[in-house]
Amino acid sequence: GQRLRTFREDRGLSAYRVAQKGDIQIGQVKAIEQGDSNYTIDIFLGYISGCDLYMYFAEKDNTNGITDFNELIEKGFDKNPE
């Protein structure tokens, strides 16, 4: 939580602004940053969105044989929806 708060502050975002942009309550922003574990994935994704971050999910099993980290990063960029 502290690392997320530091990241948010380094980007010049207030907790209020993150709550607005992520469509969550300011108390939920504070709970995430204080390490509270009593929130839903939707609230966490709202926090991520409010911080202008992008998150994607990948398959757990690496069935395509990619073992090079840089190649995995490139694969992630290829699947970026933007």
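At what angle do the axes of helix 3 and helix 4 cross, and within what distance do they come? The close-ups below take this up in a predicted model, where local features need pLDDT of at least 70, side-chain atom pairs count only at pLDDT 80 or more, and totals for chains, interfaces and linings use all residues. Residues are numbered from 1 along each chain as its sequence is written, and side-chain values use heavy atoms, leaving out hydrogens and water.

**View 1. Helix 3 meets helix 4.** The axes of helix 3 (residues 26-33) and helix 4 cross at roughly 90 degrees and come within 10 Å. Helix 3 is therefore roughly perpendicular to helix 4 (65 to 115 degrees). Axes are lines fitted to C-alpha atoms over the stretch in contact, with angles from 0 to 180 degrees between N-to-C directions; helices are DSSP runs (H or I, at least four residues) numbered from the N terminus. Here Q28, V29, I32 and E33 of helix 3 meet I43, F44 and Y47 of helix 4 (contact means heavy atoms within 4.5 Å).

**View 2. Helix 2 packs on helix 4.** Helix 2 (residues 15-22) and helix 4 (residues 41-50) pack at about 110 degrees, their axes 7 Å apart. That makes helix 2 roughly perpendicular to helix 4 as well. On the helix 2 side the contact is made by V18, K21 and G22, and on the helix 4 side by G46, Y47, S49 and G50.

**View 3. G12 in its loop.** Look for G12 in the loop between helix 1 (2-10) and helix 2. G12 is exposed, at 63% relative accessible area (exposed means over 50%, with a 1.4 Å probe and protein chains only).

Note on methods
Helices (H or I, at least four residues) and strands (E, at least two) are DSSP runs, numbered from the N terminus. Angles under 35 degrees count as roughly parallel, over 145 as roughly antiparallel, 65 to 115 as roughly perpendicular and the rest as oblique. Buried means under 20% relative accessible area, exposed over 50%, partly exposed in between (1.4 Å probe, protein chains only).
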